[in-house]
Amino acid sequence: MTLHVQINRVSKVFPVGNTATGDLVAAMKGASEEGVDQKGKVAVNNISLSIGLGERLGIVGRNGAGKSTLLHMIAGLSDPTAGSIHIKGKVTSIMTLGVGLRDELSGRENIYVDGEIQGKSRAEVDAVLEQVIEFSELGEFIEYPVRTYSTGMKARLAFAMISHIDPEILIIDEALSVGDASFSTKATARILEICARGKIVILVSHGMKAVRDICNRCIYLKDGQIVMDGSPEAVTKAYIDEVREADEAALMQKFRSHVGSRSFRQGSEIEGISLLSGDSEGSCVRVETESRLRVQILARHESMDSRALLRLRIVRLDDLLLFHNDFPALDYVLDDGRIGIEIEFSRLALGAAIYRLDVHLLENAQERAKRYAECSTIFEVFTMDPPSGGKPMLFYPVAGCVTPI
Amino acid sequence: MFGFNRYDVRLLLNLFKMNVRDRYLGSSLGSLWAIVNPLFMLCLYTYVFGFIFKVRLPGAETTLDYVVWLISGYGPWIATAEAVMASASSVFGASGMVKNMAFKTELLPIAGALIGTISLTVSSVFVLILMLYAGNTPTWHVILLPVVIVVQFAWIIALGMWLSAITVFVRDLMQVLPNLLTVIVFVTPIFYPFSSMPSVVQKLSLGNPFYHLAESYRSILIGHQVPNVGGLIFVAVLSAIVFYFGLAAFRRAKGYFDSAL
């Protein structure tokens, strides 16, 4: 029989609001027949999954999607409330680094303790001891008590201790970033190496790059259920897209009082505003600074007057006016009589913040002109690499050149 | 046996070593405390009862006889109390391991209970020295001691299975347990002879496993006779039953440990 992990209709319910004795009684009675009917937080909901030899499975999902719970059950750390898990092969799990570290003992002694926890004999530990010490790059500090170590040194020691396993089924939960940049690279390379040796690998990570580098299959968990199962590239992309959409929806929800369209005259209405970032054709609410932004406005205005105009304003949420421009409505009339206009910011100069975009349809440019319709929307400008030393309000396009003065 | 294999025996030994070391980690004398602590208690009792109170057993000539009698019962009790406490807190105390490593957690209460063997060894050596000094040479019956020790630890492990699993969910047990042990030590004829109990209580005491254990030690060391076989069988059978159901309950509960710890 080849190595495999078989998960059949597994659910896990965490009891909520029970008393300690209630939990005890429930635990002692074991998995109940009705199972999922139990009250509480459903962390994993009726998942079936089969992992075969040679598969390196990545699990992605937002916080609380049930990734770790599922992993804990596969590792045998907790039992499912309902369903069953069949595993053929020896499972090695790496959940948290440095759990077994004893502060009072030296690094070298800790390597032996770790071996004891793993159930290895002293001879088995001796066989890999020097390699572990070398990998940890601790040098003479290996003889000092662990309490004198920095956090990074502890992490390096802990990682070195797990780096010499020879797993059949390997389970890793977010243990990939360790120490400084150079050690982290080394650690990631080692993980890749271990994974290549592992006959089955199951990895939970928020790092999409790690998932794409290591895995050859990926599932996307949402609210305790598998919503997607496929190649790492496709699943991670779908996940990132969905996360971005959810972020945007949350942004709109948070500032919904600023968003909306109003009409003050029969027959006049701003029907829609879309923001297009870069070259994409889909509307978005998050725009990177210094990128291309196009604003498309569609409006309806019956009995057009030659002085009527569209006014575009960009206001920061603290009411600071940053941009103000008028466009004569008559210049942008479409064939069907509506007004359609696209305004391009070829290089958005706004700094990272949340802004409100106001579009007004006005009678004329005068101070007390009548307002026919208005519409507002919210967008967020972000920077990938925020400059250090303060947050500039503007990224004004400038050029420097050598000039004798 | 009971779903354990050779690999688990090695892990059990490792866990035991770790328990002993972790307990005294950071103290300068280290594991030496495992010997010094019970020794100190035994010396204190010898001093108080042997030199201050000068208590004498009915029918015994010297106070030293009382001290030997006391320690032959109280020494094993110190080991029992220590083992029960260590066993009960074993799973809760190793929460880091339980939450992060897949292993047979039912080994933890067993390894915890075995802690008691150290102080049992210390008090056995102590009582043997006192016996030689008092001119009470041990007879061939001492070869029966291992049987009593095995029964004693079987009983402690059986209790530990339940206590360690319950402690994970109901931490209050760790506060209650020391008091409970104090009650047991006074209810059990350890400081006083069985014969001085009222006859009703004597009958009830026959159902007290701790009484049979203390009495077996005394039969061997003081009475120089084969201990009450019926009593020992009673404790052994009781242990087997409690252990069987305890292990089953523990194995059902262990799947819920990570959410309760």
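## Domains of chain A

Chain A of this predicted model is divided into three parts: domain 1 (1–90 + 180–254), domain 2 (97–166) and domain 3 (257–382). Domain 1 is written as two segments, 1–90 and 180–254. Domain 2, residues 97–166, falls between those segments in the numbering. Between the C-alpha centres of domain 2 and domain 3 of chain A the distance is 62 Å.

## The A–B interface

Chain A puts 27 residues in contact with 26 residues of chain B. Helix 1 of chain A supplies the largest share, six residues.

The class make-up of that side of chain A is 12 nonpolar, 10 polar and five charged residues.

## Helix 6 of chain A

Helix 6 of chain A covers residues 181–197, 17 residues in total. From first C-alpha to last, helix 6 reaches 24 Å, close to the 24 Å expected at 1.5 Å a residue. Its buried residues are F183(A), A187(A), I191(A) and I194(A). Viewed down the axis of helix 6 of chain A, the buried residues fall within an arc of 80°, so they line one face.

That buried set packs against helix 5 (151–162) and strand 6 (169–173) of chain A. The other side of helix 6 of chain A carries exposed residues: A181(A), S182(A), T185(A), A189(A), E193(A) and A196(A).

## Helix 2 of chain B

Helix 2 of chain B runs over residues 33–52. Its 20 residues should span 28 Å at 1.5 Å a residue, and the end C-alpha atoms are 27 Å apart, which agrees. Four residues of this helix are buried: A34(B), P38(B), L42(B) and G50(B). Down the axis of helix 2 of chain B, they fall within an arc of 80°, so they line one face of the helix.

The packing partners of these buried residues are helix 1 (6–23), helix 3 (63–88) and helix 7 (116–133) of chain B. Turned away from the buried side of helix 2 of chain B are the exposed residues F40(B), C43(B), L44(B), Y47(B), F51(B) and I52(B). After helix 2 of chain B comes K54(B), with a positive phi near 50°.

## Strand pairing in chain A

Strand 13 (residues 293–301) of chain A pairs with strand 11 (residues 268–277) of chain A in the antiparallel sense, over nine bridges. Strand 13 of chain A also pairs with strand 16 (residues 339–345) of chain A, again antiparallel, over seven bridges.

One bridge can be named for each pairing. L276(A) has R294(A), in strand 13 of chain A, as its bridge partner. Q296(A) has E342(A), in strand 16 of chain A, as its bridge partner.

Most residues other than glycine have a negative phi. Which residue of strand 2 (residues 41–51) of chain A is of interest here? N46(A) lies in that strand. N46(A) is not a glycine, yet its phi is positive, about 55°. Its C-beta has 16 others within 10 Å, so N46(A) is partly exposed.

E290(A) is also a residue other than glycine with a positive phi, near 65°. E290(A) sits in the loop between strand 12 (286–288) and strand 13 of chain A. With 17 other C-beta atoms within 10 Å, E290(A) is partly exposed.

I354(A) lies in strand 17 (residues 353–362) of chain A. I354(A) and F382(A) are 28 residues apart along the chain, with their C-alpha atoms separated by 8.7 Å.

In chain B, G93(B) lies in helix 4 (residues 90–93). G93(B) has 19 other C-beta atoms within 10 Å, so it is partly exposed. G93(B) and L108(B) are 15 residues apart in sequence and 9.6 Å apart in space, C-alpha to C-alpha.

Methods: Residues are numbered from 1 along each chain as its sequence is written. Chains are lettered from A and ligands numbered from 1 in the order in which they are written. This is a predicted model: local features need pLDDT of at least 70, side-chain atom pairs count only at pLDDT 80 or more; totals for chains, interfaces and linings use all residues. Two residues are in contact if their C-beta atoms, placed from the backbone, lie within 7 Å. Helices (H or I, at least four residues) and strands (E, at least two) are DSSP runs, numbered from the N terminus. Ala, Val, Leu, Ile, Met, Phe, Trp, Tyr, Cys and Pro count as nonpolar, Asp, Glu, Lys and Arg as charged, and the others, Gly among them, as polar. Domain bounds come from an automatic or database domain assignment. The expected span of a helix is 1.5 Å times one less than its number of residues. A residue is buried if 20 or more other C-beta atoms lie within 10 Å of its own, exposed if 12 or fewer, and partly exposed in between; C-beta atoms are placed from the backbone. The arc is that of the directions from the helix axis to the C-beta atoms. Two strands pair if DSSP finds at least two bridges between them.
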